[in-house]
Amino acid sequence: MQKLQGIAVSPGAVIGEALVMDTEGFRIPRRFVARDAVVDELERFNKAVTAAAVEIAHHRETVSAELGEKYGAIFEAHLQMLQDSRLRGEVEELIRQRHYSPEYAVSHVLRRYAQVFQRLESSHLAERANDIFDIEKRLLRHLLGRRREGISRLTSPVLVLAHNLTPSETSNLDRRFVRGFVTEIGGPGSHTAIVAEALEIPAVVGTGPFLTDVSGGETVIIDGDQGLVILSPDEETLAQYRREAEEKRIQATRLEPLRDLPAETRDNVRIELLGNIEFPYEVDHCVDRGADGVGLYRTEFLYLGAETEPTEEIHYQAYSRVVQAMGKRPVVIRTFDLGADKMPNMPHPEDNRNPCLGLRSIRLALRNLPVFRTQLRAVLRASVLGNVHIMFPLVSTLLELRQAKMVLADVMEDLQEHNLPFNRDLPVGMMVETPAAAMMADRFVEEVDFLSIGTNDLIQYTLAVDRANKDVGGLYNPVDPAVLRLIAMAIEAADRKQVPISMCGQMSGSPLYTILLLGMGLRRFSVTPSAIPEVKNLCRRVTIPECQIVAERVMTMENARDVKNYLKEEVKKYVEEVAE
Ligand code: PEP
Ligand code: MG
């Protein structure tokens with residue numbers, strides 16, 4: 001049994017069979033071969049060894065001729081390892097005796113060899129493990145050839161273990177079979193993490209390297225509450241997780257009756273709880289949890305899941321589905337927030353050294369007007385089907401907001417000319433997710449119908465901490481006093497002008513922060529649908545004056561750790577246990 005600590009990004013725990021994605025993104029399946037196929041499979045393995053040896057010898061010759069014998073010797077060493085009779089014998093033994101497929105046997109044996117090197121004190125020797133991985137990859141390439149399988153063709157439940165998954169790869173995971181995932185890199189606010197919540201599967205990111213310690217088919221536990229990954233768990237651990245799963249199921253059932261009750265505090269203040277969605281199907285999750293609407297529809301996932309730019313009709317169909325399912329309840333459609341870690345199959349910005357500070361989001365939209373206009377047309381056309389709001393992401397200057405509104409007005413004229421119906425009065429709002437927007441909130445409220453605080457980016461830009469980087473994950477903190485001051489500024493500016501304000505960053509879905517946010521004056525929360533019951537439960541147990549006392553105290557504190565510890569104590573007064 002081996003335990004790894006990572007960053008918990010999507011709650012729940014799951015026990016299952018590992019599917020290991022290698023760094024080239026193809027999977028190493030655990031397969032067995034039929035008894036009568038063993039001879040053929042051994043031959044296939046030997047052919048792969050011969051082909052790999054020819055390839056390596058060729059590299060040795062080329063490199064020796066161009067750079068000298070010393071460099072060619074690197075490949076000579078690879079060749080010797082590949083042809084080592086003991087190593088080959090062990091692979092053959094697994095195929096012959098245990099009926100492993102050659103791919104699985106190669107991976108199994110070579111990874112074990114690599115681990116021996118990795119455990120050595122000398123870093124020079126430990127690097128030899130990379131040579132073994134190189135040989136493993138070469139053999140797998142020859143064995144799998146054209147049959148290299150990606151993650152898309154699954155037939156049974158798996159837990160995906162990968163070095164990294166991009167938001168588009170995550171959004172293309174097969175929901176029927178992927179029960180959880182772990183990535184070696186990635187930070188607490190990455191969009192990969194957000195998609196895991198959309199899929200409602202446990203996920204852990206930022207564990208650091210471990211893929212070489214695990215083979216496909218091994219039993220793994222992903223604990224998305226504690227950020228733990230347990231490889232080959234023992235019986236006791238398995239039993240403990242099964243017990244906890246049962247308790248959780250009972251707890252979830254206890255909260256079910258809340259579905260049809262309003263999120264109303266003990267002193268009768270009605271709180272609105274809306275859902276965040278990335279895919280149209282999630283509107284069903286919102287309906288199931290009794291959401292008051294959709295507070296954030298991240299439409300960029302329409303682009304991420306597609307090979308080409310979505311047409312107006314594709315946009316329209318997606319929006320119609322969501323808007324109609326919500327009936328009279330509001331649906332806030334955010335225009336595409338592409339760039340940074342959400343890169344579609346479109347030409348990438350040329351200068352992309354610092355993508356979070358570069359051409360992303362509304363900036364990208366204003367530079368790609370035809371793409372932006374296509375989306376706006378579809379949103380406007382869908383606006384007659386229900387209660388549609390439109391929202392611009394990552395606005396940092398008034399000029400940007402005005403430009404975006406001008407494009408919207410222009411598209412409205414266009415639709416009118418063509419006699420296409422739309423709601424001219426649809427509310428137009430913006431995200432407050434840059435420190436600039438928070439500091440200028442008093443000016444922005446003069447020009448929008450609503451605001452929504454995006455804490456995921458606000459934290460990143462305020463604290464200069466990359467939300468997707470595990471190495472600075474510990475510095476990424478929603479309750480850092482600097483972040484709280486900006487949130488307070490935005491709420492106060494909105495209240496003064498009586499402009500509705502919500503929060504749609506991940507912070508709003510964590511019950512740990514509910515009391516604080518209520519005390520700071522927030523009355524509208526947009527959260528991952530699965531978080532609605534717990535946040536509602538807490539809202540119904542508190543009074544606003546109680547929350548205000550907590551918020552006042554928090555605003556005097558100097559660091560995030562003190563705030564968190566204090567909030568943990570306060571929340572315990574109302575509910576037994578909360579996850580962050
Ligand atoms: C945010 O930044 O808080 C937000 C809701 O937007 P996203 O996570 O999509 O960047
Ligand atoms: Mg954002």
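Mentor: Buried means under 20% relative accessible area. Keep that cut-off in mind while we go through this model, which is a predicted one.

Trainee: How many residues of helix 8 are buried?

Mentor: Nine of the nine residues in helix 8 (residues 191–199) are buried, so the helix is mostly covered. Those residues are H191, T192, A193, I194, V195, A196, E197, A198 and L199. Just after helix 8, E200 has a positive phi of about 55 degrees.

Trainee: Are E433 and D457 buried or exposed?

Mentor: Both E433 and D457 are buried.

Trainee: Next, salt bridges. What is the general idea, and how many salt bridges does the structure hold?

Mentor: Side chains of opposite charge can pair when their charged atoms come close. The structure holds 39 salt bridges. Start with D225 and K248, whose side chains meet in a salt bridge at 2.4 Å, N to O. This pair links distant parts of the chain: D225 is in the loop between strand 7 (219–223) and strand 8 (228–231), K248 is in helix 9, and they are 23 residues apart. D225 is partly exposed, with a relative accessible area of 28%. K248 is also partly exposed, at 44%.

Trainee: Which residue does E246 pair with in a salt bridge?

Mentor: The general point comes before the case. An α-helix has 3.6 residues a turn, so residues three or four places apart point the same way. Here, E246 forms a salt bridge with R249, and the closest N and O atoms are 2.8 Å apart. E246 and R249 are three residues apart in helix 9, so about one helical turn separates them. E246 is partly exposed at 37% relative accessible area, and R249 is partly exposed at 49%.

Trainee: Where do R266 and E546 lie?

Mentor: The pair itself is a salt bridge, with the side chains of R266 and E546 meeting at 3.2 Å, N to O. R266 lies in the loop between helix 9 and strand 9 (272–277), and E546 lies in helix 22 (residues 544–554), so the bridge ties together parts that are 280 residues apart in sequence. As for cover, R266 is partly exposed with a relative accessible area of 46%, and E546 is partly exposed with 26%. Salt bridges can also share partners: such bridges join E300, R334, D337, K342, R360, D457 and R467 into one network. D457 has already come up as a donor of the magnesium ion.

Trainee: Which residues gather in a patch of negative charge on the surface?

Mentor: A patch takes in residues with over 30% relative accessible area and no salt bridge. In this structure, E244, E247, E534, E576 and E577 gather in a patch of negative charge on the surface. Take E247, which is in helix 9 (residues 235–255). E247 is exposed, with a relative accessible area of 51%.

Trainee: What forms the nonpolar patch that includes I74?

Mentor: L67, Y71 and I74 form that patch on the surface, with about 300 Å² of accessible area together. I74 is placed in helix 2 (residues 69–82), and at 43% relative accessibility it counts as partly exposed.

Trainee: How far is Y71 from T514 in space?

Mentor: Their separation is 61 Å, C-alpha to C-alpha, and they are 443 residues apart in sequence. T514 is found in helix 20 (residues 511–519) and is buried, with a relative accessible area of 0%. V527 lies in strand 16 (residues 524–527) and counts as buried at 1% relative accessibility.

How values were computed:
Residues are numbered from 1 along each chain as its sequence is written. Chains are lettered from A and ligands numbered from 1 in the order in which they are written. This is a predicted model: local features need pLDDT of at least 70, side-chain atom pairs count only at pLDDT 80 or more; totals for chains, interfaces and linings use all residues. Side-chain values use heavy atoms; hydrogens and water are left out. Patches are made of residues with over 30% relative accessible area and no salt bridge: like charges are joined within 9 Å, nonpolar side chains (Val, Leu, Ile, Met, Phe, Trp, Tyr) within 5 Å. Accessible areas come from the Shrake-Rupley method with a 1.4 Å probe; for residues, only the protein chains shown count as cover. A salt bridge is a side-chain nitrogen of Lys or Arg within 4 Å of a carboxyl oxygen of Asp or Glu. Lys and Arg count as positive and Asp and Glu as negative; His and the chain ends are not counted. The place of a charge is taken as NZ of Lys, CZ of Arg, CG of Asp or CD of Glu. Helices (H or I, at least four residues) and strands (E, at least two) are DSSP runs, numbered from the N terminus. Buried means under 20% relative accessible area, exposed over 50%, partly exposed in between (1.4 Å probe, protein chains only). Donors are N, O and S atoms within 2.8 Å of the metal (3.2 Å for Na, K and Ca); water is not among the atoms, so sites may look incomplete.
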